[in-house]
Amino acid sequence: MNAPDADGLLAEQLLRLTRRLHRSQKRQLEAAEVSITPAQSRLLRTVAHYESPPRMADLAERLEVVPRAVTSLVDGLEASGRVRRVPDPANRRVIRIELTDEGRATLRQLRSARRAAAEDILAPLTAEQREVLGGLLSALVDGVPERRC
């Protein structure tokens, strides 16, 4: 009966660590005077992963949200000059979303803030401990149990 309690504690620690990472990243962004919501930053990163500008429907599917939510996020990012709506060259009724230079600059700032937040959180760990943690997190993210010797 100890396992559920231990698993519950681990889950709580992971949640607390995630919140700490988000707070640290938020502070980094505020210091750099970057005004963007977490949902907008997620959409911006998602747009950047496509080789060509995605459709709004593609973004909604990838983000697992309703299309209306993507429309609201794109509206905010477009108003700030980070993305723009462009017609699909093959079907002008279809709208695609592309990054602007401002959007790419914001992505660089987001990466920098995430890196600084991670450095802050990982500071107490040695290089070896970071490597072990990275392996454990990869196993959890990928859903592959680590082999025990």
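Predicted model: local features only at pLDDT ≥ 70, side-chain atom pairs only at ≥ 80, totals over all residues.
Residues are numbered from 1 along each chain as its sequence is written, and side-chain values use heavy atoms, leaving out hydrogens and water.

Let's start inside. A nonpolar core is a set of buried Ala, Val, Leu, Ile, Met, Phe, Trp, Tyr and Cys residues joined through side-chain atoms within 4.5 Å. Buried means under 20% relative accessible area, exposed means over 50%, and partly exposed lies in between (1.4 Å probe, protein chains only). The largest such core here has 20 residues, and I36, L43 and V74 are among those with the most contacts inside it. At least two residues of this core come from each of α2 (38-49), α3 (56-63), α4 (67-79), β2 (95-99) and α5 (101-122). Those labels are DSSP runs numbered from the N terminus: helices (H or I, at least four residues) and strands (E, at least two).

Now look at I36. Leaving aside residues up to four places away in sequence, I36 touches L29, S41, L44, L77, R82, T106 and L110; contact means heavy atoms within 4.5 Å.

How do α2 and α4 meet? They pack at an angle of about 90°, with their axes 10 Å apart. Axes are lines fitted to C-alpha atoms, for helices over the stretch in contact, and angles run from 0 to 180 degrees between N-to-C directions. The two helices are therefore roughly perpendicular to each other, a label for angles of 65 to 115 degrees. On the α2 side, A39, Q40, L43 and L44 meet V70, L73, V74, G76 and L77 in α4.

Next come the charged pairs. Side chains of opposite charge can pair when their charged atoms come close. A salt bridge is a side-chain nitrogen of Lys or Arg within 4 Å of a carboxyl oxygen of Asp or Glu, and a search of the whole structure finds seven. In one, R84 and E98 meet at 2.5 Å, N to O. This pair links distant parts of the chain, with R84 in strand β1 (residues 83-87) and E98 in strand β2, 14 residues apart. R84 is partly exposed at 38%, and E98 is partly exposed at 23%.

D88 forms a salt bridge with R96, and D88 counts as buried at 7% relative accessibility. Finally, D101 pairs with R104 at 2.9 Å. Why might these two be placed to meet? Being three residues apart in helix α5, D101 and R104 are separated by about one helical turn.

Note on methods. Parallel < 35°, antiparallel > 145°, perpendicular 65-115°, else oblique.
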